[in-house]
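Dear colleague,

Here is the structure that I promised to hand over. Please have it open while you read the notes that follow it.

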Amino acid sequence: MRAVRWHVAALAALAGSAPGVLASQQLDMTLSEAVRRSLEVQPAIIQARGAASNAGWQKRAAYGAFLPAVTFNTSAFRQNSASIVNGLPANPGTYQYNTSVSASVDLFTGFRRLARYRNADATEDAADAGLVNQRYQTTLATEQAFFTALANEDLVRVAEAQVKRAEQQLKITVDKLRAGSATRSDTLRSTVDLGNARLQFLQAQANLATAQATLGQQVGVDQPVRAVPDTTLPSLPDTAALRPSALENAPVVRQNEAQARAAAASVWDSRSQYWPTLGMSYSTSSQGLTQPWNGFGDGNRNLNQLRLSLSWTVFNGFQREQANSQSMVQRDVARAQAADTRRQVNAQLTQQFAALFTTYEQIGIAQTNLDAAREDLRVVSERYRVGAATILDVVTSEANLTQAEVSLVQARYNYLIARAQLEALVGHSL
């Protein structure tokens with residue numbers, strides 16, 4: 001008996017010291033602040049932003065292919081002996097200058113530039129949709145970590161209440177034993193029940209510390225983060241018009257459909273090799289003894305050129321056919337993936353709707369069970385006081401109450417997480 005009490009006292013000392021240690025290292029944070037921080041530091045969201053930026057410049061470069069390319073060149077040189085360069089006599093040590101400006105543009109490329117612009121435009125749409133999808137996935141991960149920390153904090157309070165009930169019950173059994181209305185087995189059973197309650201309390205505190213550390217990692221800080229509840233339990237959203245809207249505008253659907261359009265544009269890009277390419281260039285240059293910043297005088301040789309070029313690949317060993325076949329296969333795969341993604345989202349919507357309604361109903365059921373368990377414990381405890389019930393009845397009733405409290409906590413946060421998962425799927429807040 002003394003050994004049991006010694007272990008119980010040791011557990012009580014550890015349980016009392018843990019909250020103070022954790023509280024000194026915590027950083028309080030609301031859900032909105034946690035989401036904002038995670039969107040700034042998570043590598044996946046930074047990578048998605050970079051992909052959207054690269055896609056935007058790819059589209060600009062595809063547009064720039066329709067514009068002429070302009071090049072400016074200038075150089076200066078001298079020799080240690082008299083010579084004639086570019087038809088002009090030069091004394092030893094005299095500088096000669098070469099200056100030129102050229103511009104070139106493709107007049108016709110077999111619709112290649114148009115196909116690449118369409119590909120870049122679709123790629124930008126896919127990257128933008130991917131960024132939205134990744135933003136909501138990061139938000140979902142943050143909300144899950146946040147709600148897990150909140151749930152574990154509530155479970156710590158549940159375990160603490162369980163310890164207090166067990167301590168009170170142990171005191172009652174000891175008093176009854178002294179009065180001769182209880183057996184020694186009752187006190188031993190109550191002592192074991194108290195020890196188990198304190199062990200569960202310690203485990204709940206350990207789970208809370210882990211959840212707070214995970215939340216800290218998610219938001220980018222090097223310390224545990226305490227989740228501060230800043231919202232009430234939201235009601236069920238209206239899901240009547242949510243399915244058709246989600247099937248059209250869900251980020252993952254838009255991303256895969258844009259990728260399918262990009263693959264279709266690549267097919268026309270590969271087919272452009274069957275067409276001739278027509279280009280034009282113009283250049284003006286000046287070589288002589290006059291510095292470029294002083295103009296081009298009569299002593300310089302000025303040359304203007306206008307060129308038209310035509311290139312047509314008649315046969316290249318079936319390389320065009322190979323490229324065309326590969327691009328068509330990629331297009332067909334991308335279209336199949338887009339269609340499958342739409343079906344997958346449709347199936348996930350059914351699953352998420354069921355989870356949302358189920359978890360919401362579980363809250364009401366868990367609350368009813370909790371009220372019944374509290375009343376049952378009150379009745380059983382009173383019956384035990386008057387000798388009409390055994391200590392086993394009391395322990396069982398206490399265990400049922402604890403389980404009912406745990407179930408209510410889990411039901412509430414399961415509903416919040418199910419709601420967050422649905423928001424991440426449809427790509428907007430409900």
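Helices (H or I, at least four residues) and strands (E, at least two) are taken here as DSSP runs, numbered from the N terminus. The model is a predicted one, in which local features need pLDDT of at least 70 and side-chain atom pairs count only at pLDDT 80 or more, while totals for chains, interfaces and linings use all residues. Residues are numbered from 1 along each chain as its sequence is written, and side-chain values use heavy atoms, with hydrogens and water left out.

By that definition, the protein chain has nine helices and eight strands, and Gln42 lies in the loop that joins H2 to H3. With a relative accessibility of 13%, Gln42 counts as buried, a word that stands for under 20% relative accessible area, whereas exposed stands for over 50% and partly exposed for what lies in between (1.4 Å probe, protein chains only). Leaving aside residues up to four places away in sequence, Gln42 touches Thr138, Gln217 and Gln218, where contact means heavy atoms within 4.5 Å.

Next comes helix H3, which covers residues 43–64. Ile45, Ala48, Ala52, Ala55, Gly56 and Ala62 are buried in H3. They lie on the same side of H3 because they cover an arc of only 125° around the axis, the arc being that of the directions from the helix axis to the C-beta atoms. These buried residues pack against helix H2 (31–41) and helix H4 (112–179), while the face turned away from them carries the exposed residues Pro43, Gln47, Asn54, Trp57 and Ala61.

Best wishes

Key: The expected span of a helix is 1.5 Å times one less than its number of residues.
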